Amino acid sequence: MGNEKAYNGSCFCGAVQFTVTGDPVAMGYCHCESCRHWSAAPVNAFTLWKPEAVKITQGAENIGTYNKTPNSYRKWCKTCGGHIFSEHPGLGLTDVYAAVIPDLPHQASVHLNYQEKVLPIKDGQPKLKDFPQPFGGSGESLSE
């Protein structure tokens with residue numbers, strides 16, 4: 001267990017710091033309207049982790065939470081407003097935004113909710129209409 005990879009991350013100002021350990025369950029891009037609005041970007045790069053792989057190392061009391069739906073509990077720093085991660089209790093996963101883990105090589109393997117895209121990306125990775133079937137989606141692929 002001592003040989004597991006660990007990556008440090010933080011919010012924009014550094015008041016909240018955390019470590020993710022091991023390998024993410026998945027990495028990719030989400031094109032849904034909710035993620036686009038939350039990230040203020042045309043697409044959101046995600047890294048999904050088992051909750052036990054994510055440890056807050058500083059500033060836990062400085063984390064705010066917002067949940068528009070019971071599917072996602074979005075977390076941010078109360079000082080700088082920097083977005084940190086989203087807990088997805090129904091999936092049993094935590095999405096730590098790729099941009100806040102600077103040393104983790106982001107190796108996307110899928111695009112989710114591509115039917116909602118506003119920025120087409122031609123990278124040869126699978127483009128799913130919504131989510132994979134095991135996560136309650138259709139699993140339907142779309143063309144680039």
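Modeller: Start with Trp-49. Beyond its neighbours within four places in sequence, Trp-49 is in contact (heavy atoms within 4.5 Å) with Val-20, Thr-21, Gly-22, Asp-23, Pro-24, Val-25, Val-54, Leu-93, Thr-94, Val-96, Ile-101 and Leu-104. This is a predicted model: local features need pLDDT of at least 70, side-chain atom pairs count only at pLDDT 80 or more, and totals for chains, interfaces and linings use all residues. Residues are numbered from 1 along each chain as its sequence is written, and side-chain values use heavy atoms, with hydrogens and water left out.

Biologist: Which residues have the most contacts inside the largest nonpolar core?

Modeller: In soluble globular proteins, nonpolar side chains tend to be buried together. A nonpolar core is a set of buried Ala, Val, Leu, Ile, Met, Phe, Trp, Tyr and Cys residues joined through side-chain atoms within 4.5 Å; buried means under 20% relative accessible area, exposed over 50%, partly exposed in between (1.4 Å probe, protein chains only). Here the largest core has 19 residues, and Phe-18, Val-20, Trp-49, Ile-84, Val-96 and Ile-101 have the most contacts inside it.

Biologist: How is a pair of aromatic rings described?

Modeller: By the distance of the centres and the angle of the planes. Rings of Phe, Tyr and Trp (its six-membered ring) pair if their centres lie within 6.5 Å; planes under 30 degrees apart count as stacked, over 60 as edge-to-face and the rest as tilted. The count here is one aromatic pair. The ring centres of Trp-38 and Trp-76 are 6.3 Å apart and their planes at 70 degrees, so the pair is edge-to-face.

Biologist: Are these two residues buried or partly exposed?

Modeller: Trp-38 counts as buried at 18% relative accessibility, while Trp-76, at 23%, is partly exposed.
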